[in-house]
Amino acid sequence: MRTLLSLGDPSLRWGDGLMGTREQFLAEAVKRILITDGAFGTEIQNWRLSEADYAGSLGLTHDQKGNNDILALTKPEVPEAIHRAYFAAGADIAETNTFSANVISQADYGTEHLVRDINVESAKLARRVADEFQEKDGRPRFVAGAIGPTNKTLSLSPDVNDPGYREIDFDYLKTVYREQVDALVEGGVDFILIETVFDTLNAKAGVMAALEAGWDLGRDLPIMLSMTLTDLSGRNLSGHTVEAFWHTVRHAKPLTIGLNCSFGAEQLRPHVKTLSELCDALIMVYPNAGLPNELGEYDEQPETTAGLVGEWADGGQVNVLGGCCGSTPEHIAVMAERVRGVAPRKVPVPAVRTRLAGLEPFTMAA
């Protein structure tokens, strides 16, 4: 049985020994394929909230409708219910509802001053529910602090007439991410999940923010990384292949590396295989529930999604599975049942080589 120590302590008590969260997670990942949760945005839409529900009594001057992250402050029962539904479906990991909880994204709603509060409260909420479920059955539950890519890009110019122009620079984005990381850690997350990476340089700013936060804390702060693909050739928006992306971020020693959002599981098949054979880290993949229809809705049924990701599991290619846009607690429940008893992927030990990356990977001959 796990006994929580004080917030911010570098370790948690596990059995008779003392283990950090990285070691705890790796120990569980040896036993089984772990399950992360599913979509938050589409689940929140099902509540059909009004603008007043989003805004609450904070006295905000901007329209808040669609600001999902602020619900931790104004209507916390919504994200709490979603966390509960995913844990009840079999999830081992809760991702905080903080995808856009940074000053760049919150500027659209005039709520930059609430970024710390949103992250702290979102993390506390997820932590409380995770610990409650763990106390019921003794099975470890984890909380990943979710950090999205923002709506800015460091690699590409937003002005077609000025290719060298950038709206923000690396140091500024790192500072933006650091504020979010610090607040998520204060709220009690186990890991920092830098997800939906469409720009590798943006991700590197997030990685640097998380690494520096860990150094200042004087402890390991595990990082999870998840890339999103923008075309079927397997590249993100900044042009990196999945292999080049891995070579670019491997130095951070991420706890997990993988893919999310992008397309449905069918289209991700070859890219999951590439990462699985390449990476000496756990593979976590949480695809959309298929591709959206002409109305922007997701029609892929839970059994279909579970069957597709189950093929990855059968092939020994994954360690953590879940869902992104359009997925529901039912998707997660069927997925968890599909991979129950299936052996998790064994992490390979790659040969020692000098591996570099531009948009393409480069391995120097021994």
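Phe142 and Phe191 are both buried.

Trainee: Before we start, what kind of model is this?

Mentor: It is a predicted model.

Trainee: Fine. How many aromatic pairs are there?

Mentor: The count comes to four aromatic pairs. Phe25 and Phe142 form an aromatic pair that is edge-to-face, with 5.1 Å centre to centre and 75° between the planes.

Trainee: Why give both a distance and an angle?

Mentor: Because a pair of aromatic rings is described by the distance of the centres and the angle of the planes.

Trainee: Where do Phe25 and Phe142 sit in the chain?

Mentor: Phe25 is in helix H1, residues 21-31, and Phe142 is in strand E6, residues 142-147. They are 117 residues apart, so the pair links distant parts of the chain.

Trainee: Is Phe25 buried or exposed?

Mentor: Phe25 is buried, as its relative accessible area is 0%. Phe142 counts as buried too, at 1% relative accessibility.

Trainee: And how do Phe142 and Phe191 pair up?

Mentor: Their ring centres are 5.7 Å apart and their planes are at 35°, so this pair is tilted. Phe191 belongs to strand E7, residues 191-197, and is 49 residues apart from Phe142 in strand E6.

Trainee: Which residues form the aromatic cluster?

Mentor: Phe25, Phe142 and Phe191 form one aromatic cluster.

Trainee: Another ring, then. What lies over the face of Phe133?

Mentor: Lys136 does, at 4.6 Å from the ring centre.

Trainee: Change of topic: helices. At what angle do the axes of H7 and H8 cross?

Mentor: They cross at roughly 35° and come within 7 Å. H7 covers residues 115-137, and H8 covers residues 170-187.

Trainee: Is the crossing left-handed or right-handed?

Mentor: H7 passes H8 in a right-handed crossing.

Trainee: Which residues in H7 and H8 meet there?

Mentor: On the H7 side they are Val115, Arg116, Asn119, Val120, Ala123, Lys124 and Arg127. The H8 side has Glu179, Gln180, Ala183, Leu184, Glu186 and Gly187.

Trainee: How do the residues of that contact divide into nonpolar, polar and charged?

Mentor: The contact of H7 with H8 has five nonpolar, three polar and five charged residues.

Trainee: Where is the place of Arg48?

Mentor: Arg48 is in the loop between helix H2 (41-45) and helix H3 (51-55). At 75% relative accessibility, Arg48 counts as exposed.

Trainee: What about phi of Ser262?

Mentor: Phi of Ser262 is also positive, near 55°. Ser262 lies in strand E9, residues 256-264, and counts as buried at 12% relative accessibility.

Trainee: Why does 12% make Ser262 buried?

Mentor: Because buried means under 20% relative accessible area, and Ser262 is at 12%.

Trainee: Last topic, two threonines. Where does Thr241 lie?

Mentor: Thr241 is in the loop between strand E8 (223-227) and helix H10 (242-249). Thr241 is buried, with a relative accessible area of 12%. Leaving aside neighbours within four places in sequence, its contacts are Met227, Gly234, Arg235, Leu359, Glu360 and Pro361.

Trainee: And what does Thr305 touch?

Mentor: Thr305 touches Ala289, Glu300, His331 and Met335, not counting residues up to four places away in sequence. Thr305 is found in helix H12, residues 302-314, and is buried, with a relative accessible area of 2%.

Technical notes. Residues numbered from 1 in each chain as written. Predicted model: local features only at pLDDT ≥ 70, side-chain atom pairs only at ≥ 80, totals over all residues. Heavy atoms only, no water. Axes fitted to C-alpha atoms, helices over the stretch in contact; angles between N-to-C directions. Helix = DSSP H or I, 4+ residues; strand = E, 2+ residues; numbered from the N terminus. Left-handed = near helix turned anticlockwise from the far one by under 90°. Contact = heavy atoms within 4.5 Å. Nonpolar A, V, L, I, M, F, W, Y, C, P; charged D, E, K, R; others polar. Phe/Tyr/Trp six-rings, centres within 6.5 Å; stacked < 30°, edge-to-face > 60°. Buried < 20%, exposed > 50% of the residue type's maximum accessible area, 1.4 Å probe, protein only. Lys NZ or Arg CZ within 6 Å of the ring centre and 35° of its normal.
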